Amino acid sequence: MISIDPAMQEDRDNYKLLIGSVVPRPIALVTTLTEDGVLNAAPFSYFSIISSTPPLLSVSVQRKKGQMKDTARNAIRQRELVIHIVDETNVEAANQAAASLPPGESEVTAAGLTPVDSEAVHVPGLAEAKFRMECVLEHAYELGGTDGEPGCDLLIARVVRFQVAEEIIQGGRIDAKKLAPVSRMAGDYYSTLGQLFSLERPQ
Ligand SMILES: Cc1cc2nc3c(=O)[nH]c(=O)nc-3n(C[C@H](O)[C@H](O)[C@H](O)COP(=O)(O)O)c2cc1C
């Protein structure tokens, strides 16, 4: 084994180890509203379930040169966000939504995505996702970083409404093959669902 002390190497090298080993990562396409009511969208793969009772999700938004990204700023100000699962049909648009546009310009329009009204929050969702979760912000934590400056904003979102395309759900269960999620690998790589298999859980 090669032993590596993260404190003894550059941040970039730690980043490469993390994004190359914690794979595949599901991708959240997150919509938020700016103060002026412009719909913002961006993809995030530092994304996971924290709890199912109540339904809580985490999205970690890295700071860029010490600055909060729009998604974190908007979610913290308005305390609402919509999280969409990226799939084979919308991954290219989700990638387009990662472009850095001037403030006030919507990545949604630029990526050719279609806003749809939400039921339980003010932030619209996107019609192109088969599964989206309307969320309120439960907590936001400033974490990490160097020299006393935070390195990321960890958003903890509580789902207040699931919006599920009829064709991917049966008896309350999601059909993974019909959802066809796409996940993030290192670099510019993505992956689709691999081979599925089951294991019986030990007593
Ligand atoms: C597939 C994908 C996954 C990404 N995951 C993250 C992530 O987990 N955290 C992060 O801070 N940025 C991530 N990014 C970069 C952001 O999407 C990008 O910085 C975006 O411009 C942020 O938009 P915003 O300023 O509107 O919030 C990812 C980009 C792509 C294409």
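View 1. Strand β3 gives the most to the shell around the ligand, with four residues (strands are DSSP runs of E, at least two residues, and helices runs of H or I, at least four, numbered from the N terminus). This is a predicted model, in which local features need pLDDT of at least 70, side-chain atom pairs count only at pLDDT 80 or more, and totals for chains, interfaces and linings use all residues. Residues are numbered from 1 along each chain as its sequence is written. In this view, 17 residues surround the ligand, the closest being Ala42, Tyr46, Gln62, Asp70 and Thr71 (near means a C-beta atom, placed from the backbone, within 6 Å). Two or more residues each come from β3 (39–44), β5 and α2 (70–78).

View 2. Seven strands follow the order β3-β2-β6-β9-β10-β5-β4, with antiparallel pairing (a pair needs at least two DSSP bridges). Because β3 and β4 (47–52) stand at the edges with a single partner strand each, one side of each has no neighbour in the sheet. From one strand to the next, the twist averages 35°. Helix α2 packs on the sheet, touching β2 (28–33), β3, β5, β6 (80–85), β9 and β10, and its direction makes about 55° with that of β2 (contact: C-beta atoms, placed from the backbone, within 7 Å; angles: 0 to 180 degrees between N-to-C directions of lines fitted to C-alpha atoms, for helices over the stretch in contact).

**View 3. Strand β10 and its partners.** Here β10 (residues 152–164) pairs with β5 (residues 55–62) in the antiparallel sense over seven bridges, and glutamine 62 has cysteine 152 as its bridge partner. Strand β9 (residues 131–143) runs antiparallel to β10, joined by 12 bridges; there, histidine 139 stands opposite isoleucine 156.

Notes. Two residues are in contact if their C-beta atoms, placed from the backbone, lie within 7 Å.
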